Amino acid sequence: MDRRQFIRVAGGGVIASAVLPLAGCALSGDYPAEAVQAWKGPGEEADVRRWVLGYAILAPHSHNLQSWLVDLGRPDEITLYCDLTRLLPETDPLSRQIMMSHGTFVELLDLAARQKGLRADVELFPQGEFGPAQLDKRPVARIRLVPDARVNPDPLFGQILLRHTNREAYEPREPVPAALQAITDSVASHRIRVGFAGSAQPEQLQKHRAIASEAWRIELVTPRTIMESYKVLRVGPAEIARYRDGLSINTPMVRALTTLGLFDRSKAPGPHDAATTGQIKDFNAKITTTPAFFWLVTEGNDRKTQVNAGRAYARAQLAATAQGLAMQPLSQALQEYPEQAKLYAGIHALVEAPQPRFTVQMWTRLGYAPPVQPAPRRGVDAHIVTA
Ligand SMILES: Cc1cc2nc3c(=O)[nH]c(=O)nc-3n(C[C@H](O)[C@H](O)[C@H](O)COP(=O)(O)O)c2cc1C
């Protein structure tokens with residue numbers, strides 16, 4: 001942020017660009033140590049379940065809501081519930097992404113268990129599957145950890161502490177074919193289809209960019225959907241350390257504006273406010289230089305399929321990390337709120353996933369990019385409940 005921009009902002013009483021970290025923030029100052037402590041990995045733990053959970057909580061989760069609750073009441077078992085106070089009703093009205101975000105957790109838990117020679121027997125929805133419209137209090141999974149000499153460690157485990165969602169500008173060079181193959185191989189055991197688009201399909205690539213850009217614009221100019229992000233924005237070290245979740249922003253300018261009362265998070269900016277147009281410009285600059293896109297499609301879309309799609313996504317992102325590649329999910333066009341319907345149809349058509357038989361569960365930018373810092377985590381204790 002330069003001084004000129006800051007003055008314009010202060011004079012106009014509005015925020016310029018890069019307010020939201022959704023599109024990316026090059027100037028994010030370091031987060032407070034306690035907010036990112038979890039990324040050092042768990043230390044010695046008397047109860048191996050706490051050790052595996054120390055890795056599971058590093059899973060990607062939409063809006064970094066970390067909606068995982070675990071009950072350790074039964075020996076050698078972890079019962080996973082969804083914290084129903086941590087949902088995204090506007091942008092994720094069917095809680096599909098929340099279910100995927102439970103799949104990512106289960107996958108990292110499984111990788112950590114393997115590291116300890118434990119087989120994670122995962123029973124999804126042991127008391128019955130949630131309906132398609134909403135979640136309820138029943139468990140998402142019951143996981144039994146069983147010592148098993150036949151269990152092999154998975155090399156993806158070594159990527160858990162290195163994996164981060166990367167919202168920066170990506171380099172123009174394309175992912176090498178061997179890297180794409182490694183990502184594909186990482187999800188071979190799942191009943192899903194993955195795909196990539198790059199410069200070999202220039203028309204396709206342009207269509208991916210156009211859909212991503214328009215979907216992002218819609219999310220920004222739809223007050224109730226942008227407010228859902230504002231509600232979980234954590235600005236500055238005190239908020240980031242206090243909440244250790246949500247979307248963190250620590251740039252000097254946004255912190256200053258917040259302190260001065262010039263960044264009002266209680267109402268959505270108008271479509272022509274600099275807060276909106278700056279975000280669109282920033283995102284478009286990144287999208288037009290994104291060299292490749294990745295997607296993951298399932299046949300069917302029941303709750304188990306969604307959780308398993310999350311497991312597959314976690315593996316794909318860890319495999320990409322191992323290949324030195326960055327990913328950023330692009331969820332907007334996949335979201336089931338009415339304003340996105342045309343783009344939802346557009347992305348499904350583009351990746352040849354006709355509805356309703358197929359669902360694009362995940363769609364991401366893919367490329368090489370400078371490293372980013374880890375996102376905050378609340379720590380294992382914050383997730384433990386007693387039933
Ligand atoms: C189902 C799902 C959807 C997501 N959608 C988006 C998205 O649309 N845009 C984005 O920048 N990140 C998205 N993310 C990434 C999360 O914001 C990210 O995982 C979270 O902030 C924690 O950061 P980390 O992945 O670096 O640990 C998504 C993650 C998941 C699992």
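An open sheet of five strands has the order β3-β4-β2-β1-β11, and its pairing is mixed. Strands (E, at least two residues) and helices (H or I, at least four) are DSSP runs, numbered from the N terminus. Two strands count as paired if DSSP finds at least two bridges between them. β3 (118–124) and β11 (384–385) stand at the edges; each has a single partner strand, so one side of each lacks a neighbour in the sheet. The model is predicted: local features need pLDDT of at least 70, side-chain atom pairs count only at pLDDT 80 or more, and totals for chains, interfaces and linings use all residues. Residues are numbered from 1 along each chain as its sequence is written.

Strand β1 (residues 68–71) is joined to β11 by two bridges, and the two strands run parallel. Val-70 stands opposite Ile-384 in β11. β1 also pairs with β2, through four bridges and in antiparallel fashion. Here Leu-69 has Tyr-81 of β2 as its bridge partner. β1 and β2 form a hairpin with five residues between them. In the turn, Asp-76 has a positive phi of about 65 degrees.

A second open sheet has four strands in the order β5-β8-β10-β9, with antiparallel pairing. β5 (193–197) and β9 are its edge strands, each with a single partner strand, so one side of each is left without a neighbour in the sheet. Neighbouring strands of this sheet are turned by 25 degrees against each other on average, direction ignored. Four bridges join β9 to strand β10 (residues 358–367), and these two run antiparallel. Ala-326 stands opposite Gly-367 in β10.

Helix packing was described by axes, which are lines fitted to C-alpha atoms, for helices over the stretch in contact; angles run from 0 to 180 degrees between N-to-C directions. Angles under 35 degrees count as roughly parallel, over 145 as roughly antiparallel, 65 to 115 as roughly perpendicular and the rest as oblique. A crossing is left-handed if the near helix is turned anticlockwise from the far one by less than a right angle, and right-handed if clockwise. Residues are in contact if their C-beta atoms, placed from the backbone, lie within 7 Å. Ala, Val, Leu, Ile, Met, Phe, Trp, Tyr, Cys and Pro count as nonpolar, Asp, Glu, Lys and Arg as charged, and the others, Gly among them, as polar.

Helix α2 (residues 48–56) packs on α3 at an angle of about 130 degrees, with the axes 8 Å apart. α2 is therefore oblique to α3. The crossing of α2 with α3 is right-handed. Trp-51, Val-52, Leu-53, Tyr-55 and Ala-56 in α2 meet Phe-105, Leu-108, Leu-109, Leu-111, Ala-112 and Ala-113 in α3. This contact has 11 nonpolar, no polar and no charged residues.

α3 also meets helix α10 (residues 303–322): their axes come within 6 Å and cross at roughly 55 degrees. That makes α3 oblique to α10. This crossing, too, is right-handed. The α3 side includes Met-99, Met-100, His-102 and Leu-108, and the α10 side includes Val-307, Ala-309, Tyr-313 and Ala-314. The contact of α3 with α10 divides into eight nonpolar, seven polar and five charged residues.

The axes of helix α5 (residues 202–221) and helix α11 (residues 341–350) come within 10 Å and cross at roughly 160 degrees. The two helices are therefore roughly antiparallel to each other. Their crossing is left-handed. Gln-204, Lys-207, His-208, Ile-211, Glu-214 and Ala-215 in α5 meet Leu-343, Gly-346, Ile-347 and Leu-350 in α11. By class, the residues of this contact are five nonpolar, three polar and two charged.

Methods
Contact = placed C-beta atoms within 7 Å.
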